[in-house]
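This briefing concerns a single protein chain.

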Amino acid sequence: MSDVQTGRLGLWPMIAITLMRVVVGWHFLYEGIAKINAPAWTAAGYLKQARGPFAEHFKWLASQPNALANADLVTMWGLTLVGLCLVLGLFTRLASLAGIAFILLFYFANPPFVGYFYSLPTEGSYLIVNKNLVELCALVVILLTGSGRFAGLDRILHALFSRRPKLAAA
């Protein structure tokens with residue numbers, strides 16, 4: 001039976017996906033640490049210039065000091081933790097889901113819908129597709145392939161927990 005028939009990927013595709021996981025993780029980690037280390041960083045500016053179907057919600061969030069402070073903390077530490085987990089291959093599927101949630105928020109805060117919100121595309125934003133959507137697609141591939149079990153700490157965790165004896169049904 002071939003790898004396609006069994007649903008398994010070969011060595012080289014898994015190496016490529018693992019490399020993609022580490023690169024996407026590095027991007028998240030870098031963005032999170034940069035925000036943590038910038039003493040005056042806040043998402044307020046990004047949220048205030050929001051456009052799109054959820055713009056009013058994002059602008060409201062920017063106008064509420066307590067909600068904005070919480071959003072800033074979640075963004076800084078969430079990006080850092082997602083990035084660290086992806087780089088290490090630790091809780092890879094959970095980190096992928098969290099990364100997808102972050103990217104969806106970033107995407108919908110400023111969607112690249114040329115002609116609807118913008119007259120001209122900006123760098124990295126072309127009609128419906130922008131860099132956020134590309135990274136989201138990469139996270140979906142990482143989520144579905146479980147590359148953390150191929151090369152990452154998930155491999156160790158999986159080996160530890162799959163060896164535990166099963167309790168007999170009473």
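In this predicted model, residues 24 or more positions apart supply 72% of the contacts that have a separation of 6 or more in the protein chain. The protein chain contains 9 helices and 2 strands, arranged along the sequence as α-α-α-α-α-α-β-β-α-α-α.

**Burial and surface**
- Of the 170 residues in the protein chain, 35% are buried.
- The protein chain has an accessible surface of about 10900 Å², and carbon and sulfur atoms account for 70% of that surface.

**Helix α7: geometry and ends**
- Helix α7 covers residues 131-145, and its 15 residues should span 21 Å at 1.5 Å a residue; the end C-alpha atoms lie 21 Å apart, in agreement with that expectation.

**Helix α7: buried and exposed sides**
- The buried residues of α7 are Asn 132, Glu 135, Leu 136, Ala 138, Leu 139, Ile 142 and Leu 143.
- Viewed down the axis of α7, these buried residues fall within an arc of 160 degrees, so they line one face of the helix.
- Val 134 and Leu 144 are exposed on the other side of α7.

**Helix α7: packing partners**
- The helices against which the buried residues of α7 pack include α2 (11-37), α5 (65-88), α6 (92-109) and α8 (147-150).
- The buried residues of α7 also pack against strand β2 (129-130).

Definitions and conventions: Residues are numbered from 1 along each chain as its sequence is written. This is a predicted model: local features need pLDDT of at least 70, side-chain atom pairs count only at pLDDT 80 or more; totals for chains, interfaces and linings use all residues. Side-chain values use heavy atoms; hydrogens and water are left out. Helices (H or I, at least four residues) and strands (E, at least two) are DSSP runs, numbered from the N terminus. Buried means under 20% relative accessible area, exposed over 50%, partly exposed in between (1.4 Å probe, protein chains only). Contact means heavy atoms within 4.5 Å. Accessible areas come from the Shrake-Rupley method with a 1.4 Å probe; for residues, only the protein chains shown count as cover. The expected span of a helix is 1.5 Å times one less than its number of residues. The arc is that of the directions from the helix axis to the C-beta atoms.
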